[in-house]
Structures are given as structure tokens and as C-alpha cells.
Amino acid sequence: MKTELPACPVEITMGLIGDKWKVLIIRDLLTGTKRFGELKKSLSGITRESIN
């Protein structure tokens with residue numbers, strides 16, 4: 001069964017990475033590699049369980 005994709009590329013992208021933490025993690029990784037501890041400091045309220 002083939003699923004229809006939305007016409008808007010932004011809608012497709014947000015469907016793939018749309019949750020709160022993924023977008024913020026990607027933002028932080030745009031500047032380069034980070035250790036988990038560095039990411040955790042920059043994202044207050046994040047836990048390992050909340051990004052799964």
C-alpha cells in the first residue's frame with residue numbers, strides 16, 4: 001500500500017523531525033559534534049528517555 005506524501009516539503013520534514021527535542025538537538029549539532037553532556041546542558045529539561 002502506497003501512502004500519499006504531503007505536497008509541501010516543509011510538512012514532510014516536520015513530520016520526520018517534528019518533535020521538540022529533535023529540532024533543538026539538530027540546531028545544536030549544526031555547529032559541530034557535541035558530547036551528550038554538552039547537549040544536555042544546552043537543553044534544559046531533557047532526559048535520555050524524552051528523546052527516544
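**Reading a salt bridge and its surroundings**

Reply: Start with a charged pair. The side chains of Arg-27 and Asp-28 meet in a salt bridge, 3.0 Å from N to O. Keep in mind that this is a predicted model.

Me: What is the general idea behind such a pair?

Reply: Side chains of opposite charge can pair when their charged atoms come close. The cut-off applied here is 4 Å between a side-chain nitrogen of Lys or Arg and a carboxyl oxygen of Asp or Glu. The Arg-27 to Asp-28 pair, at 3.0 Å, was found on that basis.

Me: How many salt bridges does a search of the whole structure find?

Reply: The search finds one.

Me: Is Asp-28 buried or exposed? And how does Arg-27 read?

Reply: Under 20% is buried, over 50% is exposed, and partly exposed lies in between. Asp-28 has 13%, so this residue is buried. Arg-27 has 44%, so this one is partly exposed.

Me: Where is Asp-28 found, and which residues does Asp-28 touch?

Reply: Asp-28 sits in helix 2, residues 20-29. Leave out residues up to four places away in sequence. Asp-28 then touches Lys-34, Leu-39, Ser-42 and Leu-43.

Me: Take Leu-43 next. Which residues does Leu-43 touch?

Reply: With the sequence neighbours up to four places away again not counted, the list is Trp-21, Leu-24, Ile-25, Arg-27 and Asp-28. Both salt-bridge partners, Arg-27 and Asp-28, are therefore among the contacts of Leu-43.

Me: Which residues make up the largest nonpolar core?

Reply: For a core, look for buried nonpolar residues joined through their side chains. The largest one here has five residues: Trp-21, Ile-25, Leu-39, Leu-43 and Ile-46.

Me: Now the outside. Which residues form a nonpolar patch on the surface?

Reply: Val-10, Met-14 and Val-23 do, with about 250 Å² of accessible area together. Met-14 lies in helix 1, residues 9-17. The relative accessible area of Met-14 is 43%, so Met-14 counts as partly exposed.

Definitions and conventions. Residues are numbered from 1 along each chain as its sequence is written. This is a predicted model: local features need pLDDT of at least 70, side-chain atom pairs count only at pLDDT 80 or more; totals for chains, interfaces and linings use all residues. Side-chain values use heavy atoms; hydrogens and water are left out. A nonpolar core is a set of buried Ala, Val, Leu, Ile, Met, Phe, Trp, Tyr and Cys residues joined through side-chain atoms within 4.5 Å. Buried means under 20% relative accessible area, exposed over 50%, partly exposed in between (1.4 Å probe, protein chains only). Contact means heavy atoms within 4.5 Å. Helices (H or I, at least four residues) and strands (E, at least two) are DSSP runs, numbered from the N terminus. Patches are made of residues with over 30% relative accessible area and no salt bridge: like charges are joined within 9 Å, nonpolar side chains (Val, Leu, Ile, Met, Phe, Trp, Tyr) within 5 Å. Accessible areas come from the Shrake-Rupley method with a 1.4 Å probe; for residues, only the protein chains shown count as cover.
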